[in-house]
2 protein chains.
Amino acid sequence: QELEISWPLFVFFSSDIEISRAQSPKAVDVLAKEIGLLTDEIEIYGQTKAKVRLSLLERLKDQPDGKYVLVAGITPTPLGEGKSTVTVGLVQALTAHLNINSFACLRQPSQGPTFGVKGGAAGGGYAQVIPMEEFNLHLTGDIHAITAANNLLAAAIDARILHENTQSDKSLYNRLVPVVNGMRGFSPIQLARLRRLGISKTDPETLTEEEISRFVRLDIDPSTITWQRVVDTNDRFLRKITVGQANTEKGFVRQAQFDIAVASEIMAILALTTSLQDMKERLGKMVVANDQKGEPVTAEDLGVTGALAVLMKDAIKPTLMQTLEGTPVFVHAGPFANIAHGNSSVLADKIALKLVGENGFVVTEAGFGADIGMEKFFNIKCRASGLVPSVVVLVATVRALKMHGGGPNVTAGAPLKKEYTEENLQLVADGCCNLQKQIQITQLFGVPVVVALNVFKTDSPAEVDLVCKIAKESGAFDAVPCNHWSAGGRGAIKLAQAVEKAANQKNSFKYLYSLELPIVEKIRIIAQKVYGAQDIELSPVAQSQVDRYTRQGFGNLPICMAKTHLSLSHQPERKGVPTGFILPISEVRASIGAGFIYPLVGTMSTMPGLPTRPCFYDIDLDPITEQVKGLF
Amino acid sequence: QELEISWPLFVFFSSDIEISRAQSPKAVDVLAKEIGLLTDEIEIYGQTKAKVRLSLLERLKDQPDGKYVLVAGITPTPLGEGKSTVTVGLVQALTAHLNINSFACLRQPSQGPTFGVKGGAAGGGYAQVIPMEEFNLHLTGDIHAITAANNLLAAAIDARILHENTQSDKSLYNRLVPVVNGMRGFSPIQLARLRRLGISKTDPETLTEEEISRFVRLDIDPSTITWQRVVDTNDRFLRKITVGQANTEKGFVRQAQFDIAVASEIMAILALTTSLQDMKERLGKMVVANDQKGEPVTAEDLGVTGALAVLMKDAIKPTLMQTLEGTPVFVHAGPFANIAHGNSSVLADKIALKLVGENGFVVTEAGFGADIGMEKFFNIKCRASGLVPSVVVLVATVRALKMHGGGPNVTAGAPLKKEYTEENLQLVADGCCNLQKQIQITQLFGVPVVVALNVFKTDSPAEVDLVCKIAKESGAFDAVPCNHWSAGGRGAIKLAQAVEKAANQKNSFKYLYSLELPIVEKIRIIAQKVYGAQDIELSPVAQSQVDRYTRQGFGNLPICMAKTHLSLSHQPERKGVPTGFILPISEVRASIGAGFIYPLVGTMSTMPGLPTRPCFYDIDLDPITEQVKGLF
């Protein structure tokens with residue numbers, strides 16, 4: 001039968017209903033009405049998805065925000081510990097079982113891995129977003145829009161270099177500022193560039209030769225180009241390529257690469273932006289290379305800011321979907337969690353916080369373990385949004401804790417060793433050091449933490465009790481076992497109650513570092529206070545990059561560490577709580593439009609590959625019923 | 001005020017209304033209702049676009065088809081002669097002014113050129129599809145879906161070669177047919193491959209070593225790969241690239257290229273398919289390379305058919321939009337007009353023919369001049385659909401005719417010479433040979449032809465009269481001047497009346513050649529009868545390709561000529577009606593899934609570039625009003 005919610009007071013009759021995986025989603029316009037959206041505030045995409053207009057923020061600007069909950073995790077195994085299912089289970093519990101308004105704000109998954117090697121990204125079991133295939137495929141086209149914008153900028157860079165290298169100043173000027181209907185005029189974006197060059201003239205006929213030369217030549221140093229092309233496909237053969245080998249490109253070959261689309265800086269911008277105006281400014285500020293003098297060259301210099309904004313005009317609107325129990329979900333933005341900050345969008349959170357009302361809850365998720373995803377959520381995302389989190393839910397599993405306690409390796413695809421399927425209290429107890437450390441990290445930010453133990457059927461009651469006991473002794477406000485995977489929201493009711501209580505605690509949220517500190521000092525604070533490193537060590541390359549960004553005026557941006565998520569340290573094999581290590585910084589890069597500096601701790605792959613048997617072997621479409629098979 | 005139509009009897013009050021460019025489109029659900037669509041037959045995308053479900057064809061299967069009109073053109077100047085505006089003007093005239101049900105079926109434009117050098121693709125002036133920015137940008141994501149599907153297949157090819165080159169038969173087999181929960185089983189797509197290999201076993205444990213080897217090795221010859229990656233961006237630096245240069249790819253570098261997305265065979269398939277089942281079969285049949293023995297390797301062999309179909313499951317549904325005068329339009333598929341057939345989709349035409357009813361009209365457009373676009377429409381598209389066209393509208397301009405009569409060069413961007421802005425009856429009379437030839441080409445197919453003279457304000461009445469007179473003397477059923485650009489549907493009323501009369505003529509439609517003829521013979525028939533060539537000449541490469549396709553069993557496919565559109569011959573500078581030329585065929589390729597062989601007459605660029613001043617310089621988004629500026 002149809003599950004229904006009404007808003008702002010949810011009436012939900014399913015506490016004892018066995019929720020079927022075959023649950024049909026309600027029509028998205030019905031859902032939109034239930035949560036108080038006006039007809040002209042949504043743009044419907046098919047039966048189960050709708051984009052929500054930003055005008056909503058203006059209409060509800062005087063409405064107080066709801067409570068803001070972050071779901072983070074302990075250092076995970078390669079299998080993941082279930083943060084997404086906890087997020088979905090928690091809102092299902094809050095709204096469908098406790099009659100408290102709530103919203104889950106999730107990341108849009110990259111489509112590429114869906115056809116490669118993949119775990120679900122929409123939760124799972126009885127705690128998931130439906131319809132799964134819509135969530136995991138094109139959704140409402142945001143990643144496609146990012147790909148288009150990213151690649152237009154990439155094409156503009158190489159084409160510009162070619163045109164500058166093959167034309168005189170005069171010829172470039174005649175083409176850039178052509179005579180149209182007998183008149184010659186600068187476009188607005190060209191006038192802006194003139195102003196940046198300190199040229200206040202507006203009549204193209206009055207520029208001196210020297211001014212023309214400065215205007216027409218970006219003088220990009222090809223060896224400094226950091227802007228890469230992207231595709232939303234796992235295409236390992238694009239990891240390193242040579243471009244420009246056709247005769248028409250006249251020998252201007254260079255080495256380049258494709259990243260997976262979600263690694264684009266434009267994705268990070270989409271996740272951090274607060275308005276259309278802000279997005280346009282960030283897009284214009286993106287630094288793509290340096291010129292021959294070492295000065296940054298931006299998208300704005302290339303004249304492409306407006307076009308990028310046009311391509312992104314719909315992507316900026318969050319997409320409304322629903323959980324298996326009919327409660328509302330925003331899906332919006334999914335930046336990489338290593339070279340970017342790995343959190344869903346500020347805009348979705350802001351809109352949801354207004355929609356749930358003062359006593360409602362917005363639950364969102366941070367990528368990777370709390371040492372990475374949560375740290376970035378606080379220091380980068382909360383800085384961009386100005387929002388203050390009320391509670392952190394820290395997800396743990398007995399499996400991961402046993403691994404941290406010295407259990408054998410856990411690898412995707414291989415069967416689990418018996419340590420993980422039989423009771424072993426000693427391994428659990430020993431592994432809780434990682435949980436304890438992640439709790440302490442949360443406490444650095446002054447936010448109460450509730451531990452959610454995602455229970456598997458192989459976990460013994462004694463193991464579960466032990467984890468909860470140690471968590472509470474380690475400073476967690478509460479620690480509760482959850483069974484949302486098998487029981488839906490009903491399995492997360494205790495968690496929901498604990499979160500509600502914790503949200504009423506005194507909250508003394510603070511950032512970890514001041515933006516005014518030097519880049520290296522900010523990196524050191526994260527490494528020492530969060531990761532437990534003894535110190536950091538910059539390579540000579542990294543040091544010179546820090547110096548250049550500082551000189552270019554980018555020194556006061558927050559830091560986005562690109563580190564493995566499989567250990568608190570930089571060495572994935574070191575489990576538990578590693579100590580005494582020196583964190584090596586091999587390179588330091590920057591996403592100036594998104595607004596962060598990202599140090600690389602080791603090499604980060606930005607393009608996954610296809611294995612021998614990609615999961616597309618099992619994916620099929622029934623041409624009669626139109627049903628998708630094998631996607632999950 | 002709001003323009004309205006009702007269906008099946010249109011009531012339209014605008015004959016004397018000055019139609020504003022600022023016309024707001026009616027809500028697409030209102031439009032859908034007017035034309036008789038049921039609520040569950042549409043999937044709305046925002047306010048002005050909706051996808052239409054194929055289930056409609058089943059519901060209306062007993063409804064007789066309407067009249068089927070093709071808009072083609074004479075050999076054009078590089079500026080284009082206005083086929084799209086005629087198409088839109090004609091349906092506006094039919095429906096909004098003559099109360100006759102009609103539908104325009106148009107191609108979706110490639111997004112890449114929108115930001116490069118571009119003429120509008122949605123008509124123009126008072127004969128256009130609105131909203132223009134929705135039409136020209138992401139639309140409903142079909143091209144993005146094609147890009148995703150195309151590139152998944154490309155990634156699968158290179159990854160497969162790598163895995164085969166670095167693993168033993170046994171290791172490949174263990175990975176391709178893994179033990180899952182203690183069991184090992186073939187997936188359905190693997191069983192299908194076994195059957196193609198003549199192995200009837202279904203238990204993975206029973207294959208012999210030799211069978212295993214044949215099963216696990218596609219043995220692709222990298223030098224024969226014809227499947228290219230695509231992006232919907234004008235990125236000239238991707239015309240020729242080297243891929244696989246990262247260490248992780250272990251030295252398996254090869255030269256490759258990116259095409260613009262609409263050049264993908266998957267786009268041609270989308271345009272020619274008749275159902276989900278048919279699309280899936282065509283996707284599976286796509287040949288991507290040969291193996292080391294010279295046998296074709298298909299998408300199905302790579303195990304990716306189902307995944308491609310899943311990625312394309314929404315793209316197969318046509319998108320409903322509207323003209324400036326509120327009449328319905330389908331926008332669906334936009335394959336290249338040289339290496340593919342350049343026509344919008346069969347499915348949109350089929351659905352529209354049912355919706356307009358027996359006395360209604362469906363108007364669609366063929367790319368390029370009639371010698372290319374129309375020939376392919378008849379011989380390729382009509383063969384795929386089984387539909388019989390009623391009338392051809394042949395679009396001409398005084399400008400193009402003067403060019404054919406010996407007028408100076410016409411180049412995009414340069415001001416027109418005075419021959420084109422002042423009356424010159426001699427040039428017009430001399431140039432009508434091209435019009436006459438294109439009329440004769442149409443008559444080869446037994447379909448009545450109406451000439452639509454797209455009138456510019458610089459055309460003199462005497463010039464206009466002369467063209468119409470010669471057209472009628474040359475065998476056109478009628479020839480009428482049109483002013484839809486400046487006057488909307490009102491400016492095309494006479495054309496609409498002529499088309500209606502012509503549609504009641506006796507129709508003796510026939511294809512130009514039998515599919516059973518040898519490939520070379522089919523090419524010769526097109527070259528001689530349509531282009532007026534003396535003969536054809538195949539390069540040795542082309543001849544060996546013909547031999548291979550024939551041997552592989554692809555000899556009975558129709559032919560899709562990849563020839564310049566700027567001349568009836570292969571030499572763009574030869575205007576009028578060139579004679580005595582030998583058409584050189586440099587290569588012969590094939591799109592087996594789409595279902596045609598395409599001979600290359602010279603080199604065809606499949607990736608446009610960005611000029612020194614791309615049109616993105618003028619494109620901007622107002623962050624307050626959200627309006628797009630400078631796109632047209």
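Predicted model: local features only at pLDDT ≥ 70, side-chain atom pairs only at ≥ 80, totals over all residues.

Q: OK, back to K250(A). Where does it lie?

A: K250(A) is in the loop between β10 (241-243) and β11 (254-256) of chain A. Helices (H or I, at least four residues) and strands (E, at least two) are DSSP runs, numbered from the N terminus. K250(A) is not a glycine, yet its phi is positive, about 55°.

Q: And L139(B), buried or exposed?

A: L139(B) counts as buried, at 5% relative accessibility. L139(B) also has a positive phi, about 50°, although it is not a glycine. Look for it in the loop between α5 and α6 (142-166) of chain B.

Q: Which peptide bond is cis in chain A?

A: The one from I130(A) to P131(A) is cis, with omega near -10°. P131(A) sits in the loop between β6 (127-130) and α5 (132-136) of chain A. In chain B, a cis peptide bond joins I130(B) and P131(B), with omega about -10°.

Q: How do the two chains relate?

A: Chain A superposes on chain B by a rotation of 180° with 0.0 Å of shift along its axis, at RMSD 0.0 Å. The two copies are thus related as by a two-fold rotation axis. In chain A, the C-alpha nearest the axis belongs to Y45(A), 2.1 Å from it. The superposition is by least squares on the C-alpha atoms of residues with pLDDT of at least 70 in both copies.

Q: What surface do they meet through?

A: The same one, since 100% of the interface residues of chain A are also interface residues in chain B. Contact means heavy atoms within 4.5 Å.

Q: New topic: M374(A). What does it touch?

A: Leaving aside neighbours within four places in sequence, the contacts of M374(A) include L70(A), A72(A), V392(A), I441(A) and F445(A). V392(A) is 18 residues away in sequence and 8.7 Å away in space, C-alpha to C-alpha. M374(A) is in helix α14 (residues 370-385) of chain A and is buried, with a relative accessible area of 0%.

Q: How many disulfides over all chains?

A: The count comes to 0, taking a disulfide as a pair of cysteine sulfur atoms within 2.5 Å. For C560(A), the closest cysteine sulfur is in C382(A), 14 Å away and too far for a bond. C560(A) is buried too, with a relative accessible area of 0%.

Q: And C105(B)?

A: C105(B) is in no disulfide, and the nearest cysteine sulfur, that of C382(B), is 13 Å away. C105(B) is buried, at a relative accessible area of 1%.

How values were computed:
Residues numbered from 1 in each chain as written. Chains lettered and ligands numbered in written order. Heavy atoms only, no water. Buried < 20%, exposed > 50% of the residue type's maximum accessible area, 1.4 Å probe, protein only.
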